[in-house]
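Here's a walk through one protein model, from its charged pairs to its nonpolar core and surface. Take a look at the sequence and structure first.

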Amino acid sequence: MKAPRRPIHAVSTWVKRQPPKVKAFLAVVAGMTVLVLLRAIVHDHDNLFVAAEAVHAIGISVLIYKLTKEKTCAGISLKSQELTALFLAVRLYCSFVMEYDIHTLLDLATLATTLWVIFMIRFKLESSYMEDKDNCSVYYVGIPCAALALLIHPSTSHHLINRIFWAFCVYLEAVSVLPQLRVMQNTQIVEPFTAHYVFALGVARFLSCAHWILQVLDSNGHLLVALGYGLWPSMVLISEVVQTFILADFCYYYVKSVFGGQLVLRLPSGVV
């Protein structure tokens, strides 16, 4: 006699059998449902940005625990950490010269911890660094972002260089996780602490995306006008959505793995 399947397993099996278009539709419906709930529950939507930074900090804390307690950086992409440090540094510069606020302090704390992770991987735990798996070129990620920033950037009253830097950090943040996904694609097996960290990134990116979308809705579109004219306002929203969907597939398998009681996450080929 077969044991009854858990509801989460039954749902995941059903979703897995659906064609890509149905999966995409279900993902959009799920995202919109969560946005509606967040809009009803969270009255000050600036708190979503703070929550995104807090979740990111939790992810970094998990990473720090792994590096200090397990003495290994296996499965962690140094290139993703360096790209993260780069966009945070550029965003900090923009914050100091354009709009100093609580977000600046949060970014400063995140940058400090990210630099510490980079130091540990490069100089303390370099023997466990999987350099052959971390083979996504940062130039393929960074150069298109820089070129796009030169073409499409804010049309505000700030200095041109600052506006280009602002656009660059927005675009780079959206794709900075790609080297980490490449490492996981190459290994196909993700140990718990790395999986927790990447899942925290996915949640943080979703909360940040929700913050922007709800801000636009609350202002009846006036926020887009305040960002300037041309393609820039649309590119901001597109960047937020892109960085969310990049991690959506991984987050699905992470949740499935957690509910299935698996300590080590095994990714099917082609997931990331």
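Predicted model: local features only at pLDDT ≥ 70, side-chain atom pairs only at ≥ 80, totals over all residues.

Residues are numbered from 1 along each chain as its sequence is written, and side-chain values use heavy atoms, with hydrogens and water left out.

Side chains of opposite charge can pair when their charged atoms come close. Here a salt bridge means a side-chain nitrogen of Lys or Arg within 4 Å of a carboxyl oxygen of Asp or Glu. The count by that rule is five.

| Pair | N to O distance |
|---|---|
| E53 and R91 | 3.4 Å |
| R91 and D107 | 2.8 Å |
| R91 and E173 | 3.0 Å |

What do these pairs hold together? Helices here are DSSP runs (H or I, at least four residues), numbered from the N terminus. E53 sits in helix α3 (residues 46-70) and R91 in helix α4, so their bridge ties together parts 38 residues apart in sequence. D107 belongs to helix α5, so its pairing with R91 links parts that are 16 residues apart in sequence. With E173 in helix α7, the R91 pair ties together parts 82 residues apart in sequence. Through shared partners, the salt bridges join E53, R91, D107 and E173 into one network.

**The nonpolar cores**

A nonpolar core is a set of buried Ala, Val, Leu, Ile, Met, Phe, Trp, Tyr and Cys residues joined through side-chain atoms within 4.5 Å. The largest one has 54 residues, and Y171 and W232 make the most contacts inside it. Elements giving two or more residues to this core are α3, α4, α5, α6 (138-151), α7, α8 (178-187), α9 (192-218) and α11 (232-259). Helix α7 gives the largest share, 10 residues. Apart from this core lies another, of eight residues, including L48, V55, L207 and L214.

**A look at T114**

T114 is part of helix α5 (residues 102-124). It counts as buried because its relative accessibility is 0%. Leaving out residues up to four places away in sequence, T114 touches I60, Q81, T84, A85 and L88, where contact means heavy atoms within 4.5 Å. As for Q81, it is 33 residues from T114 in sequence, yet their C-alpha atoms are 6.5 Å apart in space.

**Out on the surface**

Y93, F96, V97, I161 and F165 make up a nonpolar patch on the surface, with about 460 Å² of accessible area together. Patches like this take residues with over 30% relative accessible area and no salt bridge, joining nonpolar side chains (Val, Leu, Ile, Met, Phe, Trp, Tyr) within 5 Å. Areas come from the Shrake-Rupley method with a 1.4 Å probe. Both α4 (78-98) and α7 (160-175) supply at least two residues of the patch, with the largest share, three residues, coming from α4. F165 is in helix α7, and it counts as partly exposed because its relative accessibility is 36%.

Notes: Patch = residues over 30% accessible without salt bridge, like charges linked within 9 Å, V, L, I, M, F, W, Y side chains within 5 Å. Buried < 20%, exposed > 50% of the residue type's maximum accessible area, 1.4 Å probe, protein only.
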